[in-house]
Amino acid sequence: MPGLVSCLGDLIVTGIIILFSDHVKSEIWTNEVSDVQFGGLGSRVTLTCGGSHGGSPVEWRFNGSSVPTWQTHEGSLALLNATHSMEGNYSCHDERGTLLQSIKLRLGHPPHFVSVSCQMPFHMKIHCSWTQTKTTHLPTIYRTSYSVRGRWVDSCEQKHIGVNECTITDPPLWSTSKFLVNITETNPLGSNSTIVQIDAHELLKPDPPDDVRVLPLEGRPTQLSVRWSYPSSWPAESIPAFPLTFQLHYRPVGSNFWSMLEMEENTSLKIMDALVGHSHQIQIRAQDALINHSQWSEWSHVVEARPWIEPWEEPTEEPDLNYPIDNLSSLVRTTGKSPDSLHSSGSPGLLVLLGLFAAVMVAVLLTIIVLLWVRQRKQDNVKKQELTSMVKMKSIPI
């Protein structure tokens, strides 16, 4: 039974729309009396001279030039297969050239289906817009309305006449998420209604988060602090009842791979694994936290930031260039004294050290020479003994 009632309601509404469209059409067509006539492109258009008397000859002119008589019949002018080139000012005259009537002809197409697109950036508003799938070239009036559970209620409000968009304010989402939106297009050649069904839950798509800020943390070379705000189209007073879930992705500049983080309601977090010393790209998007199958917003604009880098400290004092640095460091390690104390105590200690070092080197050199001499003496004695033995062996008779 509820289905039958809903069907009957739709039929009644359709009938009202048709009656309304016919009423608008009749109002526009009354312009024919006031020298404006509309016709369909590609069709036969007949212009009638209202000031002529029955049977009297009539001359037709188009933009001041005479029209061939074969196009006229009994005071009327017939235009076959009308094109845009036939638009303009027509006039009919009697035999004396007296103007009987002037008609401005405008050509176009009857209304066609429109393409409807709806968006829902917040729970309390649905924005719908539409475009013509076929340009009519004629003045057009749109009437909009929407239906809940088969009952047509308040119209979809058009704030600006001539702008093809309307807004449904405070839709009853507590009763249903499905709506019918009707766009009725009317022009002098007729009217047409386009009805689309929308699911508000699937349609819900927040705007991207605002005011995304990324800052380095002092002393933390692998961390970044990220903060942002709810989109401006999401009223602040509604945040407790309608919170958002956020996703953040980030990557080092030049990388093709994003890392992902997700959080509910919070508008700040810390990236803990940033690449040391590299700039990173960060973006955030939002989704309704209560309706999981609603749409994610578009990503926010890319923000670039680099983690904290330890500053490089320059030396405050310059070394004494008048003394060799290598010798200076070795002396400091050996004596345990500073360069100033070495200069203040004079050079005798240095001379003593150099003298001892020279004596040790001379002793070692003499020792090596003596050892080599002794070795050579032994080798000479061995050779002499061998020669003596060989001489004695030759002197023995065989």
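**Entry 1: Lys 178 and Asp 199**

I looked up Lys 178 and found a salt bridge to Asp 199, with the closest N and O atoms 3.1 Å apart. I counted a salt bridge where a side-chain nitrogen of Lys or Arg lies within 4 Å of a carboxyl oxygen of Asp or Glu. Lys 178 lies in strand E14 (residues 178-187) and Asp 199 in strand E15 (residues 190-199), so the pair ties together parts that are 21 residues apart in sequence. Helices (H or I, at least four residues) and strands (E, at least two) are DSSP runs, numbered from the N terminus.

The model is predicted: local features need pLDDT of at least 70, side-chain atom pairs count only at pLDDT 80 or more, and totals for chains, interfaces and linings use all residues. Residues are numbered from 1 along each chain as its sequence is written, and side-chain values use heavy atoms, with hydrogens and water left out.

I then checked accessibility, taking buried as under 20% relative accessible area, exposed as over 50% and partly exposed as in between (1.4 Å probe, protein chains only). Lys 178 is partly exposed at 43%, whereas Asp 199 is buried at 16%.

**Entry 2: the other salt bridges**

How many salt bridges does a search of the whole structure find? I noted 4. One of them joins Lys 205 to Glu 298, where the closest N and O atoms are 2.6 Å apart. Lys 205 sits in the loop between helix H2 (200-203) and strand E16 (210-217), and Glu 298 in the loop between strand E21 (280-288) and strand E22 (303-305), so this pair ties together parts that are 93 residues apart in sequence. Lys 205 is partly exposed at 26% relative accessible area, and Glu 298 is partly exposed at 47%.

I also recorded a salt bridge between Arg 213 and Asp 211, with the closest N and O atoms 2.6 Å apart. Arg 213 is partly exposed at 35%, and Asp 211 is partly exposed at 48%.

**Entry 3: Gln 119**

Gln 119 is in strand E9 (residues 114-122). I found Gln 119 exposed, with a relative accessible area of 56%. Gln 119 and Lys 205 are 86 residues apart in sequence but 7.1 Å apart in space, C-alpha to C-alpha. Contact here means heavy atoms within 4.5 Å. With neighbours within four places in sequence left aside, Gln 119 is in contact with Lys 125, Ile 126, His 127 and Leu 203.

**Entry 4: Thr 194**

Is Thr 194 buried or exposed? I have Thr 194 as buried, at 8% relative accessibility. Thr 194 belongs to strand E15. Leaving aside neighbours within four places in sequence, I listed the contacts of Thr 194 as Phe 113, Val 114, Val 116, Val 181, Asn 182 and Ile 183.

**Entry 5: strand E2**

E2 pairs with strand E6 (residues 76-79) in the antiparallel sense over 4 bridges; two strands pair if DSSP finds at least two bridges between them. I found Thr 46 opposite Ala 78 in E6.
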